[in-house]
Amino acid sequence: MTDFAPQTATGKVLWHFTMSLDGFVAGPEHEMDWLAGITARPGLIDEYVRTTGAILGGRDGWDVIKGARPYGGDWDGPIFVLTHHPEDATPADGVTFLSCDVAEAARIALEAADGKNLEIFSPTIGRQLLELGLIDEIDLHIAPVLLGAGKRLYDNPGGPAIRLERVGDGEPRAVVNVRYRPIAD
């Protein structure tokens, strides 16, 4: 499988995550230590640093990262955190806490992205925006790890299937084949 074309800054609402092979984007308490030792193709992080204009995430994730900046601190731009309780959120430079509906939060953050992409860093917010038809692309990096538990990218028991088509070359509705071997510790 070849990687898709480089990310472009075109004002998209981009649901973006590194995900375990079994569909988790964070551990049970939002921990991200499982990403240690995982590599990406050269230049990938720089693409997102250049093309991202704003980030929208949720309060639970914000409370866990304790003000850390995305992409190892290489990205600098407005971060929006959607929360029911902005009054007790830990403030940080460049971070705005919003208490509104998810569509309004996305509109505010996309406007702040100033023509670049708005990245969604929350599985719950992403699911809600997807259901409203407000996600332009889902951009996943599948990590060679099985977590077994945690925060799923998409969790909607009993909900309808969401059909997707792959971006890039090839048949847009074809499966993506991934092959891994377990390694001994």
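Modeller: Partly exposed here means a relative accessible area between the buried limit, under 20%, and the exposed limit, over 50%. The model is a predicted one.

Colleague: Fine. Where does E104 fall, then, buried, partly exposed or exposed?

Modeller: E104 has 29% relative accessibility, so it counts as partly exposed.

Colleague: What does E104 form a salt bridge with?

Modeller: R107, with the closest N and O atoms 2.7 Å apart. Both residues sit in helix α3 (residues 102-112), three residues apart, which puts about one helical turn between them.

Colleague: And R107 itself, buried or partly exposed?

Modeller: R107 is partly exposed, at 42% relative accessibility.

Colleague: Which residues are joined into one network by shared partners?

Modeller: R59, D63 and D88, through their salt bridges.

Colleague: How far apart are the closest N and O atoms of R59 and D88?

Modeller: 3.1 Å. R59 belongs to helix α2 (residues 59-65) and D88 to the loop between β4 (79-82) and β5 (95-98), so this pair ties together parts 29 residues apart in sequence.

Colleague: Is R59 buried or exposed?

Modeller: R59 is buried, with a relative accessible area of 15%. D88 is partly exposed, at 48%.

Colleague: Last one: how many salt bridges in the whole structure?

Modeller: Eight, from a search of the whole structure.

Methods: Residues are numbered from 1 along each chain as its sequence is written. This is a predicted model: local features need pLDDT of at least 70, side-chain atom pairs count only at pLDDT 80 or more; totals for chains, interfaces and linings use all residues. Side-chain values use heavy atoms; hydrogens and water are left out. A salt bridge is a side-chain nitrogen of Lys or Arg within 4 Å of a carboxyl oxygen of Asp or Glu. Helices (H or I, at least four residues) and strands (E, at least two) are DSSP runs, numbered from the N terminus. Buried means under 20% relative accessible area, exposed over 50%, partly exposed in between (1.4 Å probe, protein chains only).
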